[in-house]
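Me: Can you walk me through this one? I have a few quick questions.

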Protein chains: 2
Amino acid sequence: MNGLALRKLDKLLHPDSVAIIGASPDKKKVGYAALRNMVYSGFKGKIYAINPKAEQYGEIEGVKVYKSINDVPDSIDLAVVCIPARFITSLMEDMGKKGVKYAAIITAGFKETGPEGKKLEIEIVKIAKKYGIRIVGPNILGVIDTSAPMNASFAERSPIKGNIAFLSQSGALLAGILDWSRAEGIGYSSFVSLGNKADLDETDFIEALSEDQHTLAILVYLESINRGRDFIKVCREVTRKKPVIIIKSGRSEAGSRAASSHTGSMTGADTTYDVAFEKCGVIRADNSQELFDMAFAFSFMPIPKGNKIVILTNAGGPGILATDEAERNGLELAIISPEFKSHLKEFLPPAANFNNPIDALGTAQGEDYGRVLELALNDEGVDGAIVILTPQAMTEGQETADEIVRVHMKYPDKPIVSIFIGGEILGPSIYYLKKNRIPCYPHPERGVKAMAALVEYARIKNRPVDNEIPDLKRNRNKVKQIFDKVKSENRVNLLGTEAIDVAKAYGIQTPTTMLAKSDEEAGIFSEKIGFPVVMKITSPDIVHKTDIGGVKLNIHTKDEAIQTYKEIIANAQKHHPKTKLLAVDIQNMEPVGRELIVGSMNDPQFGSLVMVGLGGIYTNFFKDVSFGLAPLTVLEAEKMLKRTKTYALLKGVRGEKPSDISAVIDTLLRISLLVNDFPIIKELDINPFFVYEKGKGVSALDVKITLDQ
Amino acid sequence: MNGLALRKLDKLLHPDSVAIIGASPDKKKVGYAALRNMVYSGFKGKIYAINPKAEQYGEIEGVKVYKSINDVPDSIDLAVVCIPARFITSLMEDMGKKGVKYAAIITAGFKETGPEGKKLEIEIVKIAKKYGIRIVGPNILGVIDTSAPMNASFAERSPIKGNIAFLSQSGALLAGILDWSRAEGIGYSSFVSLGNKADLDETDFIEALSEDQHTLAILVYLESINRGRDFIKVCREVTRKKPVIIIKSGRSEAGSRAASSHTGSMTGADTTYDVAFEKCGVIRADNSQELFDMAFAFSFMPIPKGNKIVILTNAGGPGILATDEAERNGLELAIISPEFKSHLKEFLPPAANFNNPIDALGTAQGEDYGRVLELALNDEGVDGAIVILTPQAMTEGQETADEIVRVHMKYPDKPIVSIFIGGEILGPSIYYLKKNRIPCYPHPERGVKAMAALVEYARIKNRPVDNEIPDLKRNRNKVKQIFDKVKSENRVNLLGTEAIDVAKAYGIQTPTTMLAKSDEEAGIFSEKIGFPVVMKITSPDIVHKTDIGGVKLNIHTKDEAIQTYKEIIANAQKHHPKTKLLAVDIQNMEPVGRELIVGSMNDPQFGSLVMVGLGGIYTNFFKDVSFGLAPLTVLEAEKMLKRTKTYALLKGVRGEKPSDISAVIDTLLRISLLVNDFPIIKELDINPFFVYEKGKGVSALDVKITLDQ
């Protein structure tokens, strides 16, 4: 049993008693494999086999068979379900009455097969809820925990014991990785197939495994996320303790969404995952190779203090390749101090390279490697080491590996990653390194990337606490009234003045705007606002106002305003003859500022995305935009803006004065509060959004808001 | 011997007789390893061992030892040199007299050790030239050819026989890859260590190997390129026959160059390699893993006709990962025709996915794989197949592998790439696949990328012939006169009017520009040009004219011109008090167009890079620029422009009229001719460069030209 009890899912990963429902003596059946795996896993609790043919079978693999779960004399923590789907509803009732805590439902034939299966799945979950049973699956390979130890799966083999937890939404991938990892020497603490995630999902397991002392890092393969907001909340905490590395498939389905706003058109479905992962400190692996390359490093090595790395090699070429990759991935080559250098000169040949990457030359012996490594890890300016070996005439593979292991044991707080380029000759030393918990890679770039992941995680782990959502003054009621009115009129698009009023209620700086419904009003209102004014068509049907001659700038007199009103209405009627609601927004003419776009787009999974970036004609071409998930903290809003290239423009270019960056950030925070307070906002676009010189604020010239149906 | 004689380097890669200079019975010595490798390589020609202690040694490994090369009774094609560097000059003389054709100089201690070594290297090359000996190296692992067969290296093992040639500037990397490849099952036709490249270099070998019938693809590890222009010329031809895939290290050293022009500041040293490789059809591998993943595919599979791929899997997850990667890499998922689909339905279970990626489900047997694969490769709409297998309960690894091999033999013209996710269970079938020449990868993304490389090469191989450099009318003499004058005055920076005149001489559209050297001239010239005019300071010392108040627009009268002249000169004197040559360029005021930047930067290796991209304040932020190598063909100039995001702007946005794209391309071609005709031009910048509406041309408002010292 686990010394330190798991807070959550403890009796699932470390049960005291397990029942295999549908246990079978037929070696081709899943019910046999599941029982066999549990029996041979080293599990120390009680195992019960359940099969209606109990009398006929008697015992399977030495385990007594019961006819029904009702006949089991003791309580059951975990039921491993292998019987056909159609029998599972009644089984759930039995399990409920028996007080079973967890059911790992291996059986397929649920949601993944269509509406019928989905119905069955819902029913099962309903019964489970009634009795408080928690379900893993259905449609899974199973659940394995090597520290319990227990193997509640029908996998052909067991994973090697280790300290990586792997959760996978694809059972087959899990099976493949299990098989591959045994050959590669990667060990696991837990191995969980998530299946259809009818009940327990990634968030539950990530939370539970964060408390598991046997797990150093959590790897996840995902196709979707069940509860986006909970996921973020949980991972924000977990990633301060352990790395969570996710490979999320389905990028290609993303494309751009069907959306009427600029913001929407620039938000791929996959963008949200990137933003969500960033927000909660999850590392996103680019591909499977990278995922497991990282696993190796996290499994065997400590988290470094910084990004200053020494690269040690016995050959120039691979050293340069490693250096290239290091710089591409944010690693810094540590400066070799004069003292360090003079020590190196004591034993390395004069032709060696004493700068970083340190080239000890082809003649370097194992001992040389050990001495350089010790000097490096003993140096305060060095956070970790990358060791490259190529098999040359005088190369000592085994001795070099020995030295790496020795130095790592002496300096266990600084990570070492090894790159042994070879196979036949270097094979035994590569095997030795892995056995001795030194990550080893066959190509320079892969090793460097793994080290970069350690450094990246150090940054994540130690990031400042950033939970405070600024509670800015705002008028919720006013906004509610406007939305209620819009909904009562069966509209989803707000009129220009309505949207401006919403923005105003949340303290976003906007020009004075009034809605004129006749040429007469146009004259009166523009006089009230003060010339010059801007006039813009307003109609729920007209999206691209400029294109139809619906926007007129620089109107200087009352007469001109009256005339322009007529013109705009005429243009609109020409292009949209069926439109009924036609009127004109009159706005004071704001000075021209630097043009940004800000906006928001609701994501059903994670909440609302807030966007900021370059506005104007370049918006769609350079797509220099950046996203954050509402509610934003101040730090997040700042980070968002800083990620754009436009930020450099805002700081002031070639003698220009800097723009009012803090007013932009303030606006982002206000938008974030608005869309967070009102999830009914489907899309919000402020375009153009002018930024003026520092201290002179911003102006939301045109606000567009669309509500959910 | 090779049936089809190699045009070049034939007697190096397929010699009739080889002498090992410095052959030794001491097993620790390179001279022993080199002799042993040649003897056991299966080499069918004559081998001579040379050592001054011939009498003492008699024979080594059954080969008679001669005291000197002079004593060898026959002619020698290839001498493998293992003696210390200091003895090599006199050896070269002996070899010359003996008529040795090639010398593979394994010995180190030359250029790589410093000035002394460099001197020695130059001397050796000089003697070699005198006698017509061609040198590989010095400082190499050696040269191996598995078809000869011959192994003139001191490598510990021989590579597996295969059809990939690998050239490496790092001998140690070569040794590592050799060792690694033996374990991975990758075979080679030639294995060449380039070393210091004192004589023969990458270009020589690429050219020679393009004629080698045993070589299907050429892989290269490079740190530098010796003869850039020849490299491009040769590779343009070779890549129409065989893929050339290069990993070029030293990206990180690139950074941005010290340069005074915009163009220069945006051109990293590594950019040139990208542009050069693109120009000649070389595929650049991003990292070593990718290089050898590609090697596998090129070694075993044919080049597809197009990019339409079928993905076949027995598990959803890896299928989605593969689909993601396919779309990221330009592969298209073939549409499964109704007929194809109805065939699939005959044998796959109804729950299978009949669209692409085809998911045959976990129950898929080897036979199912075979049937789907046959249907796919028999389909006209399919160019290749990616086959994914995960080890599930009913999975038949060996049978599936058998079927893949069988179908490949039936459809040898369409590539198959396999991805078997596993190690222990699937290990034997993975081994079987490789043995039977089916590329196999452990992770979906790696296999997909390899397939994408095949498709990418198909595009390169079949690209239209594009060799015609347009011979536009231009006035070379005029330019020569201007440059001569500038050089005679010991200047490198051209004055504004000089640069404008150079541009004009090459037919580049420029505003009328005159140089005023006094306020009086300013008045007269501006009247002559016609108001309004622009006035700009001109001085060899002043680079950022606007920043010091050296540029004034919109001057409307003669008096204003006289006054402005004084102002500009005063501003310049204030900021650059030591400047002597001060005058003012007067230009007619051109209408405002869309702002681009065009320019050129000389690269010592490859010639001149031409650049085009977004101009104005955004230039430095978005760096939306693209490069081409002079002399440009029309197609290349077009491609360059199309690669920028700005191109979309030029085509016309939201109802705007399109810009004069053909005038931009014409300008690029003229710049290309100019910098190609005059390699003395170090940097050229046209910024701003205005483009007007289609048919209305362009205007090179400000031309800056710097010549080489």
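Here is the chat that followed.

Me: Is this predicted or what?

Reply: This is a predicted model.

Me: OK. Which domains is chain A divided into?

Reply: Chain A has domain 1 (10–252 + 259–293), domain 2 (304–457), domain 3 (512–589) and domain 4 (594–707).

Me: How many Å apart are the C-alpha centres of domain 1 and domain 3 of chain A?

Reply: Those centres are 61 Å apart.

Me: Switching to the two chains. What rotation superposes chain A on chain B?

Reply: A rotation of 180 degrees, with 0.1 Å of shift along its axis. The RMSD is 0.2 Å. The two copies are thus related as by a two-fold rotation axis.

Me: Which C-alpha in chain A is nearest the axis?

Reply: That of Phe622(A), at 3.9 Å from the axis.

Me: And why do the copies meet through the same surface?

Reply: Because 100% of the interface residues of chain A are also interface residues in chain B.

Me: Now helices 23 and 25 of chain A. At what angle do they pack?

Reply: Helix 23 (residues 634–643) and helix 25 (residues 661–677) of chain A pack at about 120 degrees. Their axes are 9 Å apart. The two helices are therefore oblique to each other.

Me: Left-handed or right-handed crossing?

Reply: Right-handed, for helix 23 and helix 25 of chain A.

Me: Which residues make the contact?

Reply: Helix 23 of chain A brings Val634(A), Ala637(A), Glu638(A), Met640(A) and Leu641(A). Helix 25 of chain A brings Val664(A), Ile665(A), Leu668(A) and Leu669(A).

Me: How many of them are nonpolar, polar or charged?

Reply: The contact has 8 nonpolar residues, no polar ones and 1 charged.

Notes
Residues numbered from 1 in each chain as written. Chains lettered and ligands numbered in written order. Predicted model: local features only at pLDDT ≥ 70, side-chain atom pairs only at ≥ 80, totals over all residues. Axes fitted to C-alpha atoms, helices over the stretch in contact; angles between N-to-C directions. Helix = DSSP H or I, 4+ residues; strand = E, 2+ residues; numbered from the N terminus. Parallel < 35°, antiparallel > 145°, perpendicular 65-115°, else oblique. Left-handed = near helix turned anticlockwise from the far one by under 90°. Contact = placed C-beta atoms within 7 Å. Nonpolar A, V, L, I, M, F, W, Y, C, P; charged D, E, K, R; others polar. Domains from an automatic or database assignment. Least-squares fit on C-alpha atoms with pLDDT ≥ 70 in both.
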